[in-house]
Amino acid sequence: MASAAEFELLLSPLLDRAYGVALHLTRDRADAQDLVQEAALLAFRGFAGFRPGTNFKAWFFKILTNAFYTTHRKRRQEPDTVPLDDVPSAYVQRRAHEVVSDEGRAGAGLQSGNVARAVLGKLEIEQMEEAIGSLPEEFRVACSLYFLQDFTYQEIADILGVPIGTVRSRLHRGRALLQKRLWQLAEDHGLVAAAAAAEGRGR
Amino acid sequence: MSVNKLTCEQTFARLDDYLDRELTPMELAEVAQHLEVCARCAGEFGLEAQVLDEIRRKLRRIMAPAELVEKISEKLRQG
């Protein structure tokens, strides 16, 4: 007979990241709390069906994600549907490279790597959350599971109940779009100019 | 084992799968071989890993609100 203590021991280490994923999925703090609570209760009630020694993390996140799709997903204010044109991969790198070329200071040691790292370093967590929250749902879900946990393509495929090729596509395209959104936010907040200036001074 | 020599373009096409550790052993060997001899691609791969790491690091700072943790504990105790 499963004890609450035994279950809680397995669940507790996951709660921060579970809340993180729930926040990405629902894009609302109160809904995220409700979702995690609901998933915790569902998981506890189904704990007898969990085989000890198998992947509790994947099992729990599948319950969480299913609960989102079943009862917490709201159609209101859903971000854009998946864009038709793919954003190129390594987007931040490419834009950082452009900054260096535009500034014409590559010869003086302004390096795209340093600019890219500096721009990302200046982004606040809230801005990261805003960027991931702005992604179309299917990208958002895959990216959230990828960034917050170290799930493999196969694990994410099992959690979402989609083919592994679909996971791969959503992750690659989602990450590229996320990088584009992050760069746009950085530009909007003057962080790109600040990073280029700081790196250009050889700081 | 003879490993195919990849072009920069072919190597770059495998960037995402490489970082996700989802390449087959043969594909991994092909990419690794190219990265050994091509500083530009090696730089791009390294930087992309850093970009993803920074995003990951910041997103993982999230913490569950204290009241959520307490509420769950309470409900589990109620059964």
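A:Arg170 counts as buried, at 18% relative accessibility (buried means under 20% relative accessible area, exposed over 50%, partly exposed in between, with a 1.4 Å probe and protein chains only). The model is predicted, so local features need pLDDT of at least 70 and side-chain atom pairs count only at pLDDT 80 or more, while totals for chains, interfaces and linings use all residues. Residues are numbered from 1 along each chain as its sequence is written, chains are lettered from A in the order in which they are written, and side-chain values use heavy atoms, with hydrogens and water left out.

**Around A:Arg170**

- A:Arg170 sits in helix 10 (residues 164-188) of chain A; helices are DSSP runs of H or I of at least four residues, numbered from the N terminus.
- Apart from neighbours within four places in sequence, A:Arg170 is in contact (heavy atoms within 4.5 Å) with A:Glu138, A:Phe139, A:Ala142, A:Leu160, A:Val162 and A:Arg175.

**The nonpolar core**

- The largest nonpolar core has 92 residues, and A:Val36, A:Phe60, A:Phe61 and A:Leu145 touch the most other members.
- Helix 10 of chain A gives this core its largest share, 9 residues.
- Such a core is a set of buried Ala, Val, Leu, Ile, Met, Phe, Trp, Tyr and Cys residues joined through side-chain atoms within 4.5 Å.
- Leaving aside neighbours within four places in sequence, the contacts of A:Leu145 include A:Phe61, A:Phe151 and A:Leu160.

**Where the chains meet**

- Chain B brings 32 residues to the contact and chain A brings 47 residues.
- Between them the two chains bury about 3800 Å², 61% of it on carbon and sulfur atoms; buried area is the accessible area (1.4 Å probe) that two parts lose on being put together, summed over both.
- In chain B, the residues that lose the most area to chain A are B:Leu59, B:Arg60 and B:Leu76, together 19% of what that side buries.
- The interface has 4 salt bridges, each a side-chain nitrogen of Lys or Arg within 4 Å of a carboxyl oxygen of Asp or Glu.
- B:Arg60 forms a salt bridge with A:Asp150, and their closest N and O atoms are 3.0 Å apart.

**Positive phi**

- Most residues other than glycine have a negative phi.
- A:Ala90 is not a glycine, yet has a positive phi of about 55°; A:Ala90 is buried, with a relative accessible area of 3%.
- B:Arg21 also is not a glycine and has a positive phi of about 60°, but B:Arg21 is exposed, at 76% relative accessible area.

Key. Helices (H or I, at least four residues) and strands (E, at least two) are DSSP runs, numbered from the N terminus.
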